[in-house]
Amino acid sequence: MQESINIFIKSIFIDNMIFAYFLGMCSYLAVSKSVKTAVGLGIAVIFVQVITVPVNYLLNKYMLTPGALTWISPQLADVDLNFLSFIMFIAVIASIVQLVEMIIEKFSPALYNSLGIFLPLIAVNCAILGGSLFMQEWEFENFGQTVAFGLGSGIGWALAIIAIAAIREKIRYSAIPGPLRGLGISFILTGLMAIAFMSFLGIKL
Amino acid sequence: MSKQQKERESLFSPRYRKLIRNPLSIENPITVQVLGICSALAVTTKLKPAFVMALSVTVVVALANVVISLLRNGIPPRIRIIVQLTVVAALVILVDQVLKAFVYDVSKQLSVFVGLIITNCILMGRLEAFAMANKPWPAFLDGIGNGLGYSWILIALGFFRELFGNGTLWGYRIIPQSFYEAGYSNNGLLILPPAALILVGTIIWIQRSRNRSLIEEY
Amino acid sequence: MSNSYIFRYAAIMVILVAVILSSAAMILKPLQDKNIAISKMRGILEACNLQPTAEDAVPMYETYIAREVVIDPRGEEISIYDMKSKQFITGNTRAFDVNLKIQLKRKAAGEDYILPLYMYINQNDTLLVIPVQGRGLWGPIYGNIALKTDRNTIGGARFFHDKETPGLGAEIDQHWFSDQFKGKQIFDENGKFISVRPIKGGVGKLPENQRIHGVDAISGGTITSNGLGNMIEDVMGIYVVYLTK
């Protein structure tokens, strides 16, 4: 439990998807012009991340790691399907996004109206595939830890996009040099925020 | 365009050359189209991984463009995106396997970022916008052009970050020891993640100062 | 377009991709495995102060690493592989094939585990190479430590990382850092296990009689340095039962 909480906090502040690994930058820059849409996309990412990371963890554990197929038959102990990870993960992500979209549409039209337009965008959001790939690389020990990581990294991403959207709403009234307007200043602002987030490295977990 | 004209169009006609040239500057995928930054920045602390990453992305974009362009008339529109993703994912797996087999040390440094080429927005962006509607040869050139436009930014970042952050290039010491003895020290900030963002911001600034048509309205 | 067309299209696509990918994976697998084995061999040899290249790592390994030993949690040698005769003296597990990471995980989970060791013999130098594995700031760090025949003094060490910060934590793979470990001792004069750890601000900060157990940490690379210290203490700690036998 302790370990899961550590992973949760670490994935929000220290291993932040945007500030430490620059994942999901495309939608981060494209959809951060207003706080309202940023919140919508942020929630959608948390939602999808917390489902896909644990699902891919199970897939990885029972199918992809070398010798993972022994639960079907002991003869399959030598099979190593690791090379299929990328394609399996992206397939899972694409289908889960589709599924989530259909479920939300059916049961909560109000939520669908606010989140729906963002969901298709998420399938190709690097932060989502990145989450699953980091899960595989960091070799979490149990299911609980992957849920903690999925939730944490989603929240970290949402935090980043909401923060930059708030800044971009205000900065509209500032006199920024022409060539720096828009994209340029957003990059530099993100850089400065990343420096601020680096101070979390000092947390002892 | 009549059939005759088409036949006369050489492999490197002005129209085709533009496909390569534009992505390097006014249609640069990173600084103008804002595509594909995800997998780019984390690997630019050093020149060598940045170069290998740039090469991998260029190969994947060009090949994916050709494959999708060849398939463009047969792809059922309803499963278009899945087909594109499958082609891209398969190509990325091939690249990853080749890297692991031939440049093992670099592939370790690139770690998960090779896999992230799959969700690199340049790929899906180019496949949707160009390859689905064009013949294989222009699609190939478009892929190479966008790959190179992406590459030069990556390599420039890797160059500056490694040279000023670590005093080396491609792992070889460039800034001589005597400099350090005279009080020079590496700029540690440059190798930290935030520096990559600030450097890209600066590149955009320089580019837009020189080409004012790219300036955003807000 | 009809549904059956879509189905046929998807099915053919899946089969084609599967065939291409699995054949590529099968063709390239031996090369990949060889790379992994070579980098492991180089790590072991470099801890013994040799400079193998990718080409001569295998012959060098087979010349100088005389024996591979596998021990159990009580420090008993359960398997010894003799390199010259290419035969097992006892047991049937080669230390080279033991995955330290998996074994450390098994230990943490309270399961039975085994540990690898390598015996380096070269004219008048005999070293016992102990592999170590831990976590730095951004990812795994690993390496090998070679002990002299007194099983206390370090004769050589080498560390590696996958993605520590260049210029800071990444310095652990530089020779200036690992060479500091030579001549350091892991036990104190009473035979108590102390380990060797990087000291922030330099070894000079330690009292005189403690300096044999410390090396200079990397300035600016505190978390990686601490991770390295913990790695040596944790993993060497498990070998103590064998070393004090």
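**Briefing: one interface and a set of charged residues**

Chain B and chain C bury about 2200 Å² between them, 71% of it on carbon and sulfur atoms. Buried area is the accessible area (1.4 Å probe) that two parts lose on being put together, summed over both. This is a predicted model: local features need pLDDT of at least 70, side-chain atom pairs count only at pLDDT 80 or more, and totals for chains, interfaces and linings use all residues. Residues are numbered from 1 along each chain as its sequence is written, chains are lettered from A and ligands numbered from 1 in the order in which they are written, and side-chain values use heavy atoms, without hydrogens and water.

**Where chain B meets chain C**

- The rule finds six residue pairs in polar contact across this interface, both residues at pLDDT 80 or more. A polar contact is a pair of N or O atoms within 3.5 Å; within protein, one must be able to donate a hydrogen and the other to accept it, and residues adjacent in sequence count only if both atoms are side-chain atoms.
- On the chain B side, α5(B) supplies the largest share, 11 residues. Helices (H or I, at least four residues) and strands (E, at least two) are DSSP runs, numbered from the N terminus.
- The count of salt bridges between chain B and chain C is zero. A salt bridge is a side-chain nitrogen of Lys or Arg within 4 Å of a carboxyl oxygen of Asp or Glu.

**A buried charge without a partner**

- C:Glu171 sits in the loop between β7 (154-161) and α4 (175-179) of chain C.
- C:Glu171 is buried but has no salt bridge. Buried means under 20% relative accessible area, exposed over 50%, and partly exposed in between (1.4 Å probe, protein chains only).
- The nearest side chain of opposite charge is B:Arg173, 6.1 Å away. Lys and Arg count as positive and Asp and Glu as negative; His and the chain ends are not counted.

**Salt bridges in chain C**

- C:Arg158 and C:Glu46 pair through their side chains at 2.8 Å, N to O. They lie 112 residues apart, in strand β7 and helix α1 (residues 3-47) of chain C.
- C:Lys86 bridges to C:Glu62, with the closest N and O atoms 3.3 Å apart. C:Lys86 is in the loop between β2 (77-82) and β3 (87-90) of chain C and C:Glu62 is in helix α2 (residues 57-64) of chain C, so the pair ties together parts 24 residues apart in sequence.
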